[in-house]
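I opened my notebook for a friendly look through this model. Here is what I looked up, entry by entry.

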Amino acid sequence: MCKYVQQIGKSGRTDLILAADPFFSLLDRDWGGRARFSQNRVVLGVGQLFNDSVRLEAGYMNQYFWNDGVEDLDNHLAVLHFRVSF
């Protein structure tokens, strides 16, 4: 995964997030599938730090699957990450 985070606003507690998560199939199979770029996830979102241990990230994810012999799949998703540090 490759993730870019840029602070926005003057408080320093809000971030703009851009992430890419490519997937690669490493095996060729006789019954289907081949070694290639198989899936990609791209996320655009905003992160908010509430205190030293609580962070919320929300955004949009496009998830694209390349399929063999059938139509490719393109998902549009809302994502919400809630992180707590102890």
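I looked up Y64 and found a relative accessible area of 25%, which makes Y64 partly exposed; the scale calls a residue buried under 20%, exposed over 50% and partly exposed in between, with a 1.4 Å probe and protein chains only. W66 is also partly exposed, at 31% relative accessibility. Y64 and W66 form an edge-to-face aromatic pair, 4.7 Å centre to centre with 65° between the planes. For such pairs I took rings of Phe, Tyr and Trp (its six-membered ring) with centres within 6.5 Å, calling planes under 30 degrees apart stacked, over 60 edge-to-face and the rest tilted.

Before going on, I noted that this is a predicted model, where local features need pLDDT of at least 70, side-chain atom pairs count only at pLDDT 80 or more, and totals for chains, interfaces and linings use all residues. Residues are numbered from 1 along each chain as its sequence is written, and side-chain values use heavy atoms, with hydrogens and water left out.

How many aromatic pairs does the rule give? I counted 3. Among them is the tilted pair of F24 and F37, at 5.2 Å centre to centre and 55° between the planes. F24 lies in strand β2 and F37 in strand β3, so this pair ties together parts 13 residues apart in sequence. I have F24 down as exposed at 54% relative accessibility, and F37 as partly exposed at 31%. F24, F37, Y64 and W66 form one aromatic cluster.

Entry two, the sheet. I found an open sheet of 5 strands in the order β1-β2-β3-β4-β5, with antiparallel pairing. Strands here are DSSP runs of E, at least two residues, numbered from the N terminus, and two of them pair if DSSP finds at least two bridges between them. Which strands stand at the edges? They are β1 (2-8) and β5 (73-84), each with a single partner strand, so one side of each has no neighbour in the sheet. Between β3 (residues 36-49) and β4 (residues 54-65), which run antiparallel, I noted 11 bridges. G45 stands opposite G59 in β4.

A pocket is an open set of points on a 1 Å grid over the protein atoms alone, where a 1.4 Å probe fits, with protein on both sides within 12 Å along at least five of seven lines; lining residues have an atom within 4 Å of a point. Of the 16 lining residues, M1, A19, V43, E57 and H81 are the closest to the centre.

Methods. Helix = DSSP H or I, 4+ residues; strand = E, 2+ residues; numbered from the N terminus.
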